[in-house]
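Please brief me on this model. Keep to what its atoms show, topic by topic.

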Amino acid sequence: GMCIRVRRNAVSLGGDSDTIACMAGAVAEALFGIPRSMANRLRKVIKPSFLSIIDEFEERFGSNYIED
């Protein structure tokens, strides 16, 4: 999807690519959404205390998942 392509392109630029990819990915997610399957995989490795923050945020502001 678009989020993956944005991150790959950011990394290929070189330099401080991890920071660039992180920022580009955040913007791409806001614009294009994130595949639900990716979100489900990520939830398995995120600390429960962070998950509660994510859940509260999504409850309040909504989420931007795309079905894949």
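This is a predicted model: local features need pLDDT of at least 70, side-chain atom pairs count only at pLDDT 80 or more; totals for chains, interfaces and linings use all residues.

Helix H2 covers residues 17-32 and gives the largest share of the lining of the largest pocket. A search of the whole structure finds two salt bridges. Both involve helix H3, through Arg36 and through Arg43.

**Helix H2**

- H2 has 16 residues, and at 1.5 Å a residue these should span 22 Å. The end C-alpha atoms are 21 Å apart, which agrees with that expectation.
- Four residues of H2 are buried: Ser17, Ala21, Gly25 and Ala28. Seen down the helix axis, the buried residues fall within an arc of 70°, so they line one face of H2.
- An α-helix has 3.6 residues a turn, so residues three or four places apart point the same way.
- Cys22, Met23, Val27 and Ala30 are exposed, on the other side of H2.
- Gly33 follows H2 and has a positive phi, near 90°.

**Ser17**

- Ser17 lies in helix H2.
- Its relative accessible area is 17%; the cut-off for buried is under 20%, so Ser17 counts as buried.
- Ser17 is in contact with Ala10 and Val11, leaving aside neighbours within four places in sequence.

**Salt bridge Glu67–Arg36**

- The side chains of Glu67 and Arg36 meet in a salt bridge, at 3.0 Å from N to O.
- This pair links distant parts of the chain, 31 residues apart. Glu67 sits in the segment after strand S2 (65-66), and Arg36 sits in helix H3 (residues 36-43).
- Glu67 is exposed, with a relative accessible area of 62%. Arg36 is partly exposed, at 32%.

**Salt bridge Asp55–Arg43**

- Asp55 and Arg43 also pair through their side chains in a salt bridge, at 2.9 Å from N to O.
- Here too the pair links distant parts of the chain: Asp55 is in helix H4 (residues 48-61), Arg43 is in helix H3, and they are twelve residues apart.
- Asp55 is partly exposed, with a relative accessible area of 34%. Arg43 is partly exposed as well, at 28%.
- Side chains of opposite charge can pair when their charged atoms come close.

**Largest pocket**

- The largest pocket holds about 490 Å³ of space.
- Its lining has 19 residues. Glu29, Ile34, Ile54, Glu58 and Tyr65 lie nearest the centre of the pocket.
- H2, H3 and H4 are the elements that give two or more residues to this lining.
- H2 gives the largest share, five residues.

**Arg43**

- What does Arg43 touch, not counting residues up to four places away in sequence? The residues are Leu51, Ile54 and Asp55.
- Asp55 is also the salt-bridge partner of Arg43. Ile54 is also among the residues nearest the centre of the largest pocket.
- Arg43 and Asp68 are 25 residues apart in sequence, and their C-alpha atoms are 17 Å apart in space.
- Arg43 has a relative accessible area of 28%, which lies between the 20% and 50% cut-offs, so it is partly exposed.

How values were computed. Residues are numbered from 1 along each chain as its sequence is written. Side-chain values use heavy atoms; hydrogens and water are left out. The expected span of a helix is 1.5 Å times one less than its number of residues. Buried means under 20% relative accessible area, exposed over 50%, partly exposed in between (1.4 Å probe, protein chains only). The arc is that of the directions from the helix axis to the C-beta atoms. Contact means heavy atoms within 4.5 Å. A salt bridge is a side-chain nitrogen of Lys or Arg within 4 Å of a carboxyl oxygen of Asp or Glu. On a 1 Å grid over the protein atoms alone, a cavity is a set of points where a 1.4 Å probe fits but cannot get out, and a pocket is an open set with protein on both sides within 12 Å along at least five of seven lines; lining residues have an atom within 4 Å of a point. Grid points are joined across faces, edges and corners, and a volume is the space filled by probe spheres set on the points.
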